[in-house]
Amino acid sequence: MSKIIAAAALAASLTAAPAAFAGDWSLAIHGGAGVINRGSLTPEKDAAYRAGLDEALKAGSAVLDKGGSSLDAVEAAVKVLEDNPLFNAGRGAVFTADGKNELDASIMDGATLKAGAVAGVTRTKHPISLARTVMEKSPHVMLAREGADKFSLEQGLEQVDPSYFRTEERWKQLEAWRAKQKAALDPTHLYGTVGAVAIDAKGHLAAATSTGGMVGKKWGRIGDSPIIGAGTYAQDGVCAVSATGSGEYFIRTSAAHQVCARIAWKGEDLKTAGDATIKAIGDIGGDGGMITMNAKGDVAFPMNSSGMYRGWATAKGRGTAIYADEGK
């Protein structure tokens, strides 16, 4: 009987809103990190990135402002970023060494600790929606490549021809990579992953991440974005995280989960936990950034790159930033 009571208590703790939460929703997004120094973007490109971020913030905010769930909000925000060819996710994803677009995504519900992820998807218009479908319509957490594509078709998600994801800018990056046999990403958009974290009016947290991976990736390479605990993590009462950066290093440090573990187990505040995790990544040679949110809806953007495309919103307003020394 004691085991039954303990299990019931755990379930209640996962679904109950944190006592400290005031009932105000909050949202944060990112569109990748990299060497983004002031003056490295033209005024037109700067404005275009901010407009794209703002559009995603509007989509997620519209869900939360109507009392919708954090899970719906992060999916809505990421779908907008997947549709924007400026960002390396969905349409506008980078090419593999074989000249293909292979898409990864993950999503996590902080209220239940349920999660879904896909890797190497080639025909689903919105990989983040497929990740959520894996979470809700299958007994699994991650599906990959042909199996994920087949599952998407069976579940009736919107399909597109693989050519839909192609953009000329990304193709030129692949050609440059092939000529030099090294990564030829625009240095102002080195890690083009997109992501979102949110807390809804009930105090439930969620996180989502989507990416096209690295230009010229080989052998079915998979980074941190679809890996729960590395690129994405959410737990009610603790925190929600979406990461962008050199994925292998985020995997090796369990970066997204590490932030939450530092808060839950060491009592660190959000900024301290995020900064310490980024330092741990940097100590072994990695770089990038994260969007992090605690159980009160506070937001922090730890990074060791010179910039990260990012934005935040509450019922009181919203904002965007690009450079490391700007905004939040």
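I searched for disulfides (a pair of cysteine sulfur atoms within 2.5 Å) and the count came to 1. The model is predicted; local features need pLDDT of at least 70 and side-chain atom pairs pLDDT 80 or more, while totals for chains, interfaces and linings use all residues. Residues are numbered from 1 along each chain as its sequence is written, and side-chain values use heavy atoms, with hydrogens and water left out.

I found the disulfide between C239 and C260, with the sulfur atoms 1.9 Å apart. The torsion about their S-S bond is about -100 degrees, so I noted the disulfide as left-handed. C239 lies in strand β8 (residues 239–245) and C260 in helix α8 (residues 255–266), so the pair ties together parts 21 residues apart in sequence. Helices (H or I, at least four residues) and strands (E, at least two) are DSSP runs, numbered from the N terminus. Both C239 and C260 are buried (under 20% relative accessible area; exposed is over 50%, partly exposed in between; 1.4 Å probe, protein chains only).

Next I looked at helix α5 (residues 145–154), where A148, D149, F151 and S152 are buried. Seen down the axis of α5, the buried residues fall within an arc of 160 degrees, so they line one face; the arc is that of the directions from the helix axis to the C-beta atoms. On the other side of α5, I listed E146, K150, L153 and E154 as exposed. Just after α5, G156 takes a positive phi of about 80 degrees.
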